[in-house]
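Here's a quick tour for anyone opening this structure for the first time. Have a look at it below, and then we'll start where two chains meet.

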Amino acid sequence: VNSKSRRVLLVDDDEILRFLAQKQFKMMQLDLDTAASGPQGLTAYKERNYDLVFMDLSMPGMSGLETISRIREYELKTQRKRTPIVVTTAFDESQNSILAGADDFLLKPVLFETLQATTKKFLDIPLT
Amino acid sequence: MSELTHPSLIQGEFPYRLRQHGFVAELGKDALQGMELGQLFDKAVAGVADIFENEYCKVLELQPDGKHVFLRAGVGWQPGLVGIAMVDTGMDSQAGFTLASEHPVIVKDLRTEKRFNGPALLREHGVVSGMSVIIHGLSGPWGVMGTHTTRIYEFTEYDITFFQTIANVLASAIQRRKGEEELERRVAERTKELQLANDLKTQFVNTISHEVRTPMAGVIGLAEYLVKEPHAEDLQEVAQHLVSSSKRLLSILNDLLDFSRLEAGKSSVEVIEFSLKTLISDVVYLFKTEAERKGLEIKTSYDVALESMTVRSDEKKIAQILTNLISNAIKFSQDGSVEVDSSLVKLHDKTFLQIAVKDYGIGIAADSQQHLFKPFVQADGSMSRRYGGSGLGLSISQKYAELLGGQIGFETKEGSGSRFWFTVLLEDM
C-alpha cells in the first residue's frame, strides 16, 4: 500500500493544533489538509476525496457534529463512498459523536502513537 | 322530642368516665405515632359520637378568609357533605359563635336558642342539642369541633372537659404536622440548593477539564514532535506555539485562582498611583499580534484630563478587567476595530474612572444577556464552549469592578457588536 496516495482532512478551529497536525502527519508521511471551521471542512470535503477525516466538535458557527451530519447527508445524496470520520475533542462526547455518524472518538490531548494507530487502522495500513 | 338519658346513668359514672379517658389515651397515642390527620379526624369524630351516643360529630377547619369553615371530617351527616361542604362562620352559626367566644359552647335546645340562629346544616339534620369546642392553632383558632344530637341532651362538666381534650389532641397533631411540613419544606429547599451547588461544581470541573485539554494537546503534541524531530527546520515556530499553549494553560490556572479567591472573599485591593495611559497601552500591546492576525485595529481614546494625570486605584485588577474585555472583543469580532475609551465620571462628589471596550462583532442575543456575568457562560451567552477561555473572565471582572467601588455593564445588539464598560472609584489624590 502506498501511503502517499492517501489523503486525510483535519477540521479544528485551534490554529496551534492544526499546525501540530501538519507536523504529525508529515512524520507519518501522509498528506494532510486542514480546515479551521465546519463550513471550510465541508467545502474541502466536497472538493476532494478523502480517505479519513478528523473532526473537532466545539467550534464557533457550525459545530463538528453538524458538520458530520452534513457530510453523511452529502454522501447519501451523491452516493459517494462512506468516509471514516474520527472525532477528536476536549469533552467526552463519544456517544453523541457515534450517533451523529462518526466512526471513532479520541479525547484530546491525543498522543502521537494513538493518532498513528488510529490513522493506520482506518487507512488499512499495517502497523509496523 | 324525647330526652336522651345520659349514657353515664346506664353505664355507671365511673366506667363511663374510664371509657372517655381510654379514648383520649388511645387517640393521643395515635397522634403521637404520626397517624395521618384525616384518619385521626375520622377516628375522633366516630369515637366522640359513639361515646356521647350522639348521631352527629364533625371537625370544621377555619378557612384563611376567616369567613368560612370547611367540613373536614364527620359522622352522621348526609352523603356528599364531608370533605366538600363549606359553611359560613357568621355570628348566626354555632361554629361562628364558638370561634368568637373562645370557650366551649353548649346548646340544650337549638329550637329555642337565642345566642345564634342555628345554621342550616344543623337545622336540616334536625339537631336539637349539641356542644362545640375550639381546635386551637398557633395564632388563633384552627377550627371547631362539634357534637350534635336530635334529642334533648345534657352535657356535664366532665363531658365538656373530655370533648375539649379530644380537640386539644387534634390541635397538637395538626401543629406537629405543620412543623413536619415546614421541616420537609426546608429540607427540600436545602437539598435543592446543595444539588445546585453540586451541579455547578461538576460543571466547573467539566469546563476546566475541557479548557485545559486544548492547550495541553498543543503542549504534549509539540513536545513529542521536538523529541522525535530534533533537527526539524521550523523549531523556532514550534517553540513559539509551545510558549503560547503554555501561556493559555497559565491563564486558565490564574482565572481559577482569582475566582476561588473571590469566592472565598480573600481578594484584597492594592491601591497604587499609576498612569492610566501607560496601563492601557501596555494591555493593548499584549493583544497586538492577535488583533492583527484577525485584521482588527485596536483604537484608544481618552478624556483630555486623563491624558497626563495619574490615578489611584488597584492597577493590576483594572488591567485584568481590561484584558478580559479586550480579549472577548477580539474573540467575538471578525473584522472592524476594537475601541477602548477612557473617561472620568463625577457622581455625588466622587470621581469614577470609566473604561469602555466597543467591538463590531457578533453581539449577544437578547435571551442570553441576563446570564453573562455568571461563571462559565461565554460572552456570546452560550454554555457550549465553542470559544476558548475559562468561562470565568466576565464573572471575575464583575467582582473586581465591584471590589474597586464600581460597576460593570454592557450594551449589545446581535449582529452589530457589543460595548462593555466598567467603572472604578478613584481614590483622592
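Asp14(A) forms a salt bridge with Arg248(B), with the closest N and O atoms 2.7 Å apart; a salt bridge here is a side-chain nitrogen of Lys or Arg within 4 Å of a carboxyl oxygen of Asp or Glu. Between chain A and chain B the count is four salt bridges.

This is a predicted model, where local features need pLDDT of at least 70 and side-chain atom pairs count only at pLDDT 80 or more, while totals for chains, interfaces and linings use all residues. Residues are numbered from 1 along each chain as its sequence is written.

The contact (heavy atoms within 4.5 Å) looks like this from each side:

| Chain | Residues in the contact |
|---|---|
| Chain A | 23 residues |
| Chain B | 26 residues |

Together the chains bury about 2,200 Å², 65% of it on carbon and sulfur atoms; that is accessible area (1.4 Å probe) lost on putting the two parts together, summed over both. On the chain A side, Ile16(A), Phe19(A) and Phe91(A) lose the most area to chain B, together 25% of what that side buries.

Now for chain B itself. Asp255(B) sits in helix 7 of chain B, helices being DSSP runs (H or I, at least four residues) numbered from the N terminus. Leaving aside neighbours within four places in sequence, Asp255(B) touches residues including Gly393(B) and Ile396(B). Both of those are among the buried residues of helix 12 (residues 393–403) of chain B.

Conventions. Chains are lettered from A and ligands numbered from 1 in the order in which they are written. Side-chain values use heavy atoms; hydrogens and water are left out. Buried means under 20% relative accessible area, exposed over 50%, partly exposed in between (1.4 Å probe, protein chains only). Helices (H or I, at least four residues) and strands (E, at least two) are DSSP runs, numbered from the N terminus.
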